Amino acid sequence: MAEDPKIGRREFLTVAGAAAAALTPASLAEAQQAQPVPSPAAVSATPPVDEPLLTLSATEHAFFVAAADTLIPADELSPSGSDCGVANFIDRQLAGAYGTGARLYRQGPFTKGKAEQGYQLPLTPREFFRAGVASANEFTRKVYGKDFDRLNEEQRIAALKTMEAGKAEFAGFTSAMFFNALLQITMEGFFADPMYGGNRDMASWKMVGYPGLPATYRHDIKKYFGKVYDKPPRSIADFS
């Protein structure tokens, strides 16, 4: 995270580039070079529609909304993380196969591993985030007297920086591990296809100039050679 008092969008996108590359085809890099930074009018979002929570409690949902808006504040580039549906994306992911650890080997033994060995906890991702949110709120109550979502912007930034540095006391795992997982799933919710609940109105795709699902552009090579690719992005749902 940036050392500036506010978490800058540019700094966030520097980190987020790796996640975007994992979620999109190689054409993303070319599209980013071709597209100019959009105007505020180009990144306006439809007001969020409340959806029933699938697995998150109200307290957990409030945490993820506050965290998403701290990591991705609204500015001239895009709406805030929660307005883009990041918390909704996280709820869906944790309610599904990812949240239940469907692809994780969970027979143990669960010994402390090295960083390069990856995830080594006996918890499913849903259990991990439940424990992490509880520890994060316990930490902010000790320091600020309030749950994370009730802190002001400056306090939320300071709290996240402390977690990122591994200096917040968490039960069962480090606060740095929780922060890194939180940042990763927030980036995924911001850049993933809208059909998964985040990236509402394809705001992040419009911001970076990513054209969306179509992977073949041979018909547009001559038309757009040396020009801005101005077609709107398209989601998987647009082809269903």
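1. A residue is called buried when its relative accessible area is under 20%, exposed when that area is over 50%, and partly exposed in between, using a 1.4 Å probe and protein chains only. By this rule D201 is partly exposed, because its relative accessibility is 27%. D201 is placed in the loop between α7 and α8, and its phi is near 60°, a positive value in a residue other than glycine.

2. The structure is a predicted model, in which local features need pLDDT of at least 70, side-chain atom pairs count only at pLDDT 80 or more, and totals for chains, interfaces and linings use all residues. Residues are numbered from 1 along each chain as its sequence is written, and side-chain values use heavy atoms, with hydrogens and water left out.

3. N199 counts as buried because its relative accessibility is 0%.

4. On the overall fold, the protein chain has 9 helices and 0 strands. Helices (H or I, at least four residues) and strands (E, at least two) are DSSP runs, numbered from the N terminus. Along the sequence the pattern reads α-α-α-α-α-α-α-α-α. The protein chain has 240 residues, of which 42% are buried. A contact means heavy atoms within 4.5 Å. Among contacts between residues at least 6 apart in sequence, 66% join residues at least 24 apart.

5. How do helices α3 and α5 cross, and at roughly what angle? The axes of α3 (residues 58–71) and α5 (residues 125–144) come within 10 Å and cross at roughly 80°. Therefore α3 is roughly perpendicular to α5. Axes are lines fitted to C-alpha atoms, for helices over the stretch in contact, and angles run from 0 to 180 degrees between N-to-C directions. Angles under 35 degrees count as roughly parallel, over 145 as roughly antiparallel, 65 to 115 as roughly perpendicular and the rest as oblique.

6. The meeting of these two helices involves T59, E60, F63 and F64 in α3, which face R126, F129, R130, V133, A136 and N137 in α5 through contacts. The residues of this contact of α3 with α5 comprise 5 nonpolar, 2 polar and 3 charged. Here Ala, Val, Leu, Ile, Met, Phe, Trp, Tyr, Cys and Pro count as nonpolar, Asp, Glu, Lys and Arg as charged, and the others, Gly among them, as polar.

7. Helix α3 also packs against α6, at an angle of about 90° and with the axes 10 Å apart. The two helices are therefore roughly perpendicular to each other. From α3 the contact uses A66, T70 and L71, and from α6 it uses R156, I157 and L160. The contact of α3 with α6 divides into 4 nonpolar residues, 1 polar and 1 charged.

8. A nonpolar core is a set of buried Ala, Val, Leu, Ile, Met, Phe, Trp, Tyr and Cys residues joined through side-chain atoms within 4.5 Å. The largest such core has 44 residues, and F63, F64, F148, M163 and F178 touch the most other members. Two or more residues of this core come from each of α3, α4 (86–95), α5, α6 (153–164), α7 (175–191) and α8 (203–208). The largest share, 8 residues, is given by α7. Leaving aside residues up to four places away in sequence, F178 touches F63, F128, F129, G132, V133, A136, M163, F170 and F173.

9. Which residues form one aromatic cluster? They are F63, F64, Y119, F128, F129, F148, F170, F173 and F178. Rings of Phe, Tyr and Trp (its six-membered ring) pair if their centres lie within 6.5 Å; planes under 30 degrees apart count as stacked, over 60 as edge-to-face and the rest as tilted. The structure holds 13 aromatic pairs. One of them joins F63 and F64 edge-to-face, at 5.6 Å centre to centre and 80° between the planes. F63 counts as buried because its relative accessibility is 0%, and F64 is buried with a relative accessible area of 2%.

10. The last point concerns a loop residue. T124 lies in the loop between α4 and α5 and is buried, with a relative accessible area of 7%. Not counting residues up to four places away in sequence, T124 touches G99, T100, G101, R106 and Y119.
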